[in-house]
Amino acid sequence: MAEVIFYGLSGCTANAKQKLQLQAAGHTLVERDLAAEPLTAETLRPFFGDRPVEDWFNRRAAAVKTGAVKPDELDEESALAALLADRDLIRRPLLQVGADRKAGFDPNALHAWIGLTASGESCDDKHSRGVCDHGHHHFPKQG
């Protein structure tokens, strides 16, 4: 299993659940506080890969919800400046395994990247059986 550097915000219930999922899949976590991490535009940018700028943002952030920040109207430079100024805007968690970096918690993408279940069964496999026991709560657990 992988050693995952997990950049999250303390007190974020979603991040807490995500950490549990990664640990349950056998990964070792190195936790970092996204609010205190000395990020720069150069260190933050690689987490977003080739995703469009609007996908770099946490759509649940207050500034996005109120329209104070409009991710779809920002260029890359302006977006990075906004994300560094208000860490709540960053799509999280930020994850790093070796030199590879990702933003957000997409169970299928994570399963393909590092494995998200101890059983090796993907989220889609579980959904096709009507069972999702790794945090989505789309389906009740079958006992």
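Helices here are DSSP runs of H or I with at least four residues, strands are runs of E with at least two, and both are numbered from the N terminus. This is a predicted model, in which local features need pLDDT of at least 70 and side-chain atom pairs count only at pLDDT 80 or more, while totals for chains, interfaces and linings use all residues. Residues are numbered from 1 along each chain as its sequence is written, and side-chain values use heavy atoms, without hydrogens and water.

Within helix 1, N15, Q18, Q21 and L22 are buried, where buried means under 20% relative accessible area and exposed over 50%, with a 1.4 Å probe and protein chains only. These buried residues line one face of helix 1, because they fall within an arc of 120 degrees when seen down its axis, the arc being that of the directions from the helix axis to the C-beta atoms. On the other side of helix 1, T13, K17, L20 and A24 are exposed. Among what covers the buried residues of helix 1 are strand 1 (3-8), strand 2 (28-33) and strand 3 (94-97), with contact taken as heavy atoms within 4.5 Å. Just after helix 1, G26 takes a positive phi of about 95 degrees.
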